[in-house]
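Subject: Handover of a structure and findings

Dear colleague,

Please find the structure below, followed by an account of what was found in it.

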Amino acid sequence: MSKILVTGGAGFIGSNFVRLLLAQRRHSVVNLDKLTYAGNLENLKDVESDPRYAFVKADIADRPAMERVFAEHRPEVVVHLAAESHVDRSVLDASAFVLTNVLGTQVLLDVARQHGVQRFVHVSTDEVYGSLGATGKFSETTPLAPNSPYSSSKAGSDLLVRAAFHTHHFPAIITRCSNNYGPYQFPEKLIPLMIANALEGKKLPVYGDGRNVRDWIYVTDHCEAIALVMEKGRDGEVYNIGGDAERENLHVVRTILKLLGRGEDLIQYVKDRPGHDRRYAIDHTKIAGELGWRPRHDFETALARTVEWYVQNRPWWERVRSGAYRTYYETQYGGRLKGG
Ligand code: NAD
Ligand code: TDX
């Protein structure tokens with residue numbers, strides 16, 4: 001049993017990962033999160049009283065705060081998911097992306113190394129490889145060619161992790177995953193945005209011609225891959241993770257409308273995202289061969305299950321949209337927990 005520090009555990013993938021660790025492993029988990037707009041402790045309501053779970057509010061770019069957290073909690077393993085994660089926001093203002101994704105990752109690497117952390121899993125993205133044409137897939141040896149401020153800041157963090165391994169023999173591993181979907185995804189990303197808008201009878205904004213392709217993966221498949229890499233991955237390696245589910249955006253949007261019994265008149269074509277990557281597709285042969293991982297969920301079934309989750313959990317995303325979720329930390333945790 002280890003003590004695992006998960007950064008960004010109040011976000012979409014992080015909260016699913018914390019839940020998976022507590023349910024399927026015996027580890028104890030410290031969730032370290034700044035609670036930006038994307039951090040929502042309501043995502044972890046069901047596990048917050050678990051004695052193996054602790055929450056710390058802190059910024060990964062704040063070195064003194066990180067030193068305090070590592071000295072107090074002494075984690076053996078770090079799984080690093082904290083990031084600014086939304087491409088459209090990075091187009092409007094890249095500064096938070098550089099601060100958190102680049103500087104924050106370096107601070108975390110330094111402090112984790114000083115404290116003798118035995119394994120550091122850096123959760124990155126397929127977007128660092130850039131954009132594909134009609135054919136081909138990203139492998140771990142595909143050159144980095146990020147196109148957005150978001151993906152460039154993630155590529156910067158990947159290179160700093162690589163440098164920590166090569167320069168300091170720091171036991172770090174990088175994962176690069178394709179587009180996730182599932183419960184607790186912030187409704188600014190394609191799938192939850194389209195579901196919530198359709199449920200409210202609002203327009204569904206499709207960028208450009210809607211023919212961009214993403215390789216979709218159900219979030220728990222990604223979380224299982226991260227857990228396997230954490231347990232059995234090789235230091236200094238990169239592992240690609242993907243869902244074998246390439247779909248055009250328009251297909252995804254039409255499927256959501258069909259599942260909700262809404263008409264295609266809700267679709268609204270809008271101005272394209274600047275620098276919009278055309279296609280992503282992941283070759284995950286390496287993690288399949290080395291660690292025996294494969295995605296378990298097929299896209300159509302898991303998308304239907306996801307749509308059902310947003311229908312059943314309407315108060316969750318309505319509280320996100322109204323901003324009410326921001327008060328949860330204060331009312332639920334106010335004064336009781338130490339933070340950075
Ligand atoms: P998210 O935006 O839902 O969550 C990010 C979390 O990080 C939030 O809880 C936020 O409060 C926290 N955070 C942000 N800045 C912080 C800081 N300075 N200090 C501490 N915490 C901070 O993101 P997500 O979609 O769950 O993505 C998690 C990770 O996985 C990211 O690193 C992202 O790049 C990567 N990733 C995401 C996808 C995807 O499809 N969503 C795919 C591949 C990789
Ligand atoms: O309103 C929209 N309309 C639209 O057509 C939104 C929000 C998106 N889109 C398109 C843009 C993309 O082609 O849908 C596709 C998916 O968009 P996002 O959900 O914003 O995801 P993407 O830009 O592909 O990046 C995501 O996957 C990789 C995550 O946000 C990243 O954090 C992750 O690294």
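By class, which residues make up the shell around ligand 1? The shell has 13 nonpolar, eleven polar and four charged residues. Here Ala, Val, Leu, Ile, Met, Phe, Trp, Tyr, Cys and Pro count as nonpolar, Asp, Glu, Lys and Arg as charged, and the others, Gly among them, as polar.

Please note that this is a predicted model, in which local features need pLDDT of at least 70 and side-chain atom pairs count only at pLDDT 80 or more, while totals for chains, interfaces and linings use all residues. Residues are numbered from 1 along each chain as its sequence is written, chains are lettered from A and ligands numbered from 1 in the order in which they are written, and side-chain values use heavy atoms, with hydrogens and water left out.

The ligand site

Of the 28 residues around ligand 1, those that come nearest are Ile13, Asp33, Ser85, Tyr150 and Lys154; a residue is near if one of its heavy atoms lies within 4 Å of the molecule.

- A polar side-chain atom of aspartate 59 is 2.9 Å from a nitrogen atom of ligand 1.
- A polar backbone atom of lysine 34 lies 3.0 Å from a nitrogen atom of ligand 1.
- A polar backbone atom of valine 123 lies 3.5 Å from an oxygen atom of ligand 1.

On its own, ligand 1 has 830 Å² of accessible area, of which the protein covers 96% (Shrake-Rupley method, 1.4 Å probe). Two or more residues of the shell come from each of α1 (12-24), β5 (119-125) and α5 (149-168). Strand β5 gives the largest share, three residues. Helices (H or I, at least four residues) and strands (E, at least two) are DSSP runs, numbered from the N terminus.

The strands

Strand β5 also pairs with β4, in the parallel sense and over four bridges; pairing requires that DSSP find at least two bridges between two strands. In this pair, valine 79 stands opposite valine 121 of β5. Strand β1 (residues 3-7) likewise runs parallel to β4, joined by four bridges, and leucine 5 has valine 78 as its bridge partner there. Buried means under 20% relative accessible area, exposed over 50%, and partly exposed in between (1.4 Å probe, protein chains only).

Salt bridges

How many salt bridges does the model hold? The count comes to 23, a salt bridge being a side-chain nitrogen of Lys or Arg within 4 Å of a carboxyl oxygen of Asp or Glu.

One of them joins aspartate 59 and lysine 34 (3.5 Å, N to O). Aspartate 59 lies in the loop between β3 (53-57) and α2 (63-73), and lysine 34, 25 residues apart from it, in the loop between β2 (28-33) and β3. Aspartate 59 is partly exposed because its relative accessible area is 21%; lysine 34, at 38%, also counts as partly exposed.

Arginine 211 forms another with glutamate 248, their closest N and O atoms being 2.8 Å apart. In a further pair, lysine 189 and glutamate 188 meet at 3.8 Å, N to O, and both are buried. Finally, a network of salt bridges links Arg234, Glu237, Lys286 and Glu290.

Yours sincerely

Notes:
Polar contact = N/O pair within 3.5 Å; in protein donor to acceptor, adjacent residues only side chain to side chain.
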